[in-house]
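Here are my notes for a colleague opening this entry for the first time. Please read them with the structure on screen.

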Amino acid sequence: MRIAIVGYGKMGKLIRQEALSSGHEVVAVIDPWSPAPEITALSLDALSLAGCDVAIDFTHPATIVDDIILYARLGIPAVIGTTGWYDRLEEVRETVEDLDCSIIYSGNYSLGVAVFLQVVKRAAQLFDKVGGYDSFIQEIHHAQKADSPSGTASMLADIVLENSTSKHSIVSDTLHRKREDDEIQIGSVRGGSVPGTHTVYFDSPEDTIELTHRARSRQGFAVGAIKAANWIADGRKGFFTLSDMLDDVFMNVEKA
Ligand SMILES: NC(=O)C1=CN([C@@H]2O[C@H](COP(=O)(O)OP(=O)(O)OC[C@H]3O[C@@H](n4cnc5c(N)ncnc54)[C@H](OP(=O)(O)O)[C@@H]3O)[C@@H](O)[C@H]2O)C=CC1
Ligand SMILES: O=C(O)C1=N[C@H](C(=O)O)C[C@H](O)C1
């Protein structure tokens with residue numbers, strides 16, 4: 001594949017290495033501020049993306065919605081790794097589904113996390129049936145992370161919400177007030193160089209169950225993003241999640 005890398009930060013650099021070592025061609029590296037010699041363009045447009053089969057975008061929440069709409073308008077298959085925009089998900093979906101789009105997005109491209117989402121879904125369903133368990137989420141990331149809560153924590157909270165009859169909303173800030181019983185709280189901690197740790201708690205007066213995914217490095221995100229690029233650039237049309245890819249590739253995996 002001829003890949004355009006959009007955003008040449010921690011993830012963009014790793015994805016370039018992963019793309020080259022798996023035999024792909026990196027035809028563009030687009031980042032407005034990076035001084036790296038690999039940069040081919042400072043702005044994202046039809047010209048800077050010319051000749052690519054797929055764009056892989058790990059940039060910033062501030063510009064990602066415009067990026068997605070551009071890929072859709074240009075009909076360029078795109079892998080969206082950037083997080084911090086899911087409050088605009090339905091608006092983006094409505095805009096791009098009418099266009100000739102080939103877009104896959106996920107808050108976490110680690111295939112381990114894709115399976116973890118299924119485990120959490122099943123756990124939420126079971127604890128909901130048993131009753132008496134409160135649920136909440138904690139995520140820890142490096143001090144440079146731009147957004148909170150993390151995209152992965154938002155996906156996990158959505159899954160718990162959809163599978164719990166006692167929960168009706170998700171909150172990430174309960175400053176100066178009590179958390180309501182029907183709220184799922186996401187706690188975010190930023191510090192050091194933690195690549196990404198997510199824990200879902202199911203807690204009763206008798207016991208606590210903690211389900212944790214702990215990334216050892218960013219490598220798993222890069223490997224998954226290249227797999228997603230292969231999948232979306234293979235003639236698929238629509239606005240997909242990584243769960244759709246998992247369903248398709250590992251046919252019996254239930255959708256999260
Ligand atoms: N889905 C997944 O699996 C994962 C998702 N992420 C997400 O990916 C995003 C990037 O993460 P990470 O690489 O760690 O962050 P970095 O800050 O290291 O890299 C982002 C890069 O994108 C640049 N950038 C900002 N805006 C634009 C733009 N409009 N066009 C092109 N480049 C731009 C930044 O420049 P500057 O520094 O000057 O702003 C920076 O070089 C985040 O949203 C993060 O949450 C991260 C890991 C895994
Ligand atoms: O910014 C990061 O680093 C990460 N972001 C993603 C998220 O917001 O969930 C995925 C991973 O945890 C690392």
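This is a predicted model: local features need pLDDT of at least 70, side-chain atom pairs count only at pLDDT 80 or more; totals for chains, interfaces and linings use all residues.

1. **Ligand 2.** Domain 1 (2–109 + 218–249) and domain 2 (111–214) both contribute residues to the shell around ligand 2, so ligand 2 lies between them. The surrounding residues are Thr83, Gly107, Asn108, His141, Lys145, Ser150, Gly151, Thr152 and Gly196. By type, this shell has eight polar residues, one charged residue and no nonpolar ones.

2. **The two domains.** Domain 1 is made of two stretches, 2–109 and 218–249, while domain 2 runs over 111–214. Their centres, taken over C-alpha atoms, are 26 Å apart. Contact between them involves 13 residues of domain 1 and 13 residues of domain 2. On the domain 1 side, α6 (219–232) and α7 (242–249) each supply at least two of the touching residues. Helix α7 gives the largest share of that side, three residues. The touching side of domain 1 comprises four nonpolar, eight polar and one charged residue.

3. **Annotation.** An unreviewed UniProt entry carries the annotation "domain: Dihydrodipicolinate reductase C-terminal" for residues 112–246. Over residues 112–246 the chain is 37% helix and 27% strand. The end C-alpha atoms of that stretch are 11 Å apart.

4. **Ligand 1.** How many residues surround ligand 1? There are 28, and the closest are Gly7, Gly9, Met11, Trp33 and Thr63. Helix α1 (residues 10–21) gives the most to this shell, three residues. The shell around ligand 1 divides into ten nonpolar, 15 polar and three charged residues.

5. **The nonpolar core.** The largest nonpolar core has 67 residues. Ile56, Ile103 and Ile104 touch the most other members. Helix α6 provides the largest share of this core, eight residues. Both domain 1 (2–109 + 218–249) and domain 2 (111–214) give residues to the core, so it lies between them. Take Ile56 and leave aside its neighbours within four places in sequence: Ile56 is then in contact with Ile3, Ile5, Val6, Ile15, Val79, Ala225 and Ala229.

6. **Backbone points to check.** Most residues other than glycine have a negative phi, and most peptide bonds are trans. Two places deserve a look on that account. Ser148 and Pro149 are joined by a cis peptide bond, with omega about -5°. Pro149 sits in the loop between β6 (134–141) and α5 (151–162). His176, which is not a glycine, has a positive phi of about 60°. The loop between β7 (169–171) and β8 (183–190) holds His176.

7. Gly75 lies in the loop between α2 (61–74) and β4 (78–80). Gly75 and Phe127 are 52 residues apart along the chain, and their C-alpha atoms are separated by 43 Å.

Notes:
Residues are numbered from 1 along each chain as its sequence is written. Chains are lettered from A and ligands numbered from 1 in the order in which they are written. UniProt positions are given in the numbering used here, feature names are shortened, and annotations may be inferred rather than shown by experiment. Helices (H or I, at least four residues) and strands (E, at least two) are DSSP runs, numbered from the N terminus. Domain bounds come from an automatic or database domain assignment. Two residues are in contact if their C-beta atoms, placed from the backbone, lie within 7 Å. Ala, Val, Leu, Ile, Met, Phe, Trp, Tyr, Cys and Pro count as nonpolar, Asp, Glu, Lys and Arg as charged, and the others, Gly among them, as polar. A residue is near a molecule or strand if its C-beta atom, placed from the backbone, lies within 6 Å of it. A nonpolar core is a set of buried Ala, Val, Leu, Ile, Met, Phe, Trp, Tyr and Cys residues joined through C-beta atoms within 7 Å. A residue is buried if 20 or more other C-beta atoms lie within 10 Å of its own, exposed if 12 or fewer, and partly exposed in between; C-beta atoms are placed from the backbone.
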